[in-house]
Amino acid sequence: MNEASSRRRFLSTAALLGVGATASHPVAAAPKAAPKSKPAEVNATEDLMREHGIIRRTLLVYEEIARRLDLREEKAPVEVLAQATRLMRRFGEAYHEKTEETEVFPRLVKAGQQKELVQVLIEQHAAGRKLTESILAATSGRDALTQPQPRAAAARQLNLFIRMYGPHAAREDTNLFPAFRNLFDEKQFNELGERFEAQEHRLLGSDGFENALKEVAQLERALGIHDLARFTPSER
């Protein structure tokens, strides 16, 4: 084998092995992957609105149960209703509404804003808690919700709660929370978001929102209303 052939073989082998660069032409190092940036923090009003999402999905559970209670041939899903009501009391009332009553409403009233709306919202919180206790009481006992009268009463209470809380949450999202946001500069608002998060962890645990979301999803699945596509109207 002559010198030229030997050199060609060497270069071919070197290319396959990824070597052969001279000191004057070093191989460029592979670029390092850019560090992943952290997602933006959830701010205070976004946090409250996400919580409304959990509440609204619980209202869908209430709606389906109320529908079944109005049908005599349907067995009352007592355990699902009891769990949904406990979720509403624990997450919706003891946590979400408590946050509004201690962090949101007082600041707006002090600033002279949304006073009439705040008063109505406080009254609706109280009315909702009474309904929650009544609904939860109806789920206790061996023969809970087996007779027509208790079934009708529970369905009515569920519908009253749904009828009230839909407009309640919508008015907070569109009127109350924007006014609340305008009370703060950016630094203050970021600090408030951290305060809300710390309170969530203290009252609900480190994954409070995520666990509530999983729970409401389980309730939807138990009733067969977990498939979003089923809510799409079809033309016939």
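Start with helix α4, residues 115-138, and helix α5, residues 148-181: their axes come within 10 Å and cross at roughly 150°. That makes α4 roughly antiparallel to α5. Angles over 145 degrees count as roughly antiparallel, under 35 as roughly parallel, 65 to 115 as roughly perpendicular, and the rest as oblique. Axes here are lines fitted to C-alpha atoms, for helices over the stretch in contact, with angles from 0 to 180 degrees between N-to-C directions. Helices are DSSP runs of H or I, at least four residues, numbered from the N terminus.

Some housekeeping. This is a predicted model, so local features need pLDDT of at least 70 and side-chain atom pairs count only at pLDDT 80 or more, while totals for chains, interfaces and linings use all residues. Residues are numbered from 1 along each chain as its sequence is written, and side-chain values use heavy atoms, with hydrogens and water left out.

Back to α4 and α5. Their crossing is left-handed, that is, the near helix is turned anticlockwise from the far one by less than a right angle. Contact means heavy atoms within 4.5 Å. On the α4 side, the contact residues include Leu117, Leu121, Leu131 and Ile135. On the α5 side, they include Leu158, Phe161, Met164 and Leu176. The residues of this α4 contact with α5 divide into 11 nonpolar, 8 polar and 2 charged. Nonpolar is Ala, Val, Leu, Ile, Met, Phe, Trp, Tyr, Cys and Pro; charged is Asp, Glu, Lys and Arg; the others, Gly among them, are polar.

Helix α5 also packs on helix α3, residues 78-110, at an angle of about 30°, with the axes 13 Å apart. α3 and α5 are therefore roughly parallel to each other. α3 passes α5 in a left-handed crossing. Among the residues that meet are Met88, His96 and Phe105 in α3, and Tyr165, Phe177 and Phe180 in α5.

Next, α2 and α7. They pack at about 20°, axes 10 Å apart. That makes α2 roughly parallel to α7. The crossing is left-handed. The contact includes Ile54, Val61 and Ile65 of α2, and Phe209, Leu213 and Val216 of α7. Its residues divide into 10 nonpolar, 1 polar and 6 charged.

Last, the largest pocket. What is its volume? About 310 Å³. It is lined by 17 residues, with Glu41, Val42, Asn43, Gly193 and Glu197 nearest its centre. α2 (44-69), α6 (186-204) and α7 (208-223) each give two or more residues to the lining. The largest share, 7 residues, comes from α6. The lining divides into 4 nonpolar, 5 polar and 8 charged.

Methods. 1 Å grid on protein atoms, 1.4 Å probe; cavity = no way out; pocket = protein on both sides within 12 Å on 5 of 7 lines; lining within 4 Å. Points joined across faces, edges and corners; volume = space filled by probe spheres on them.
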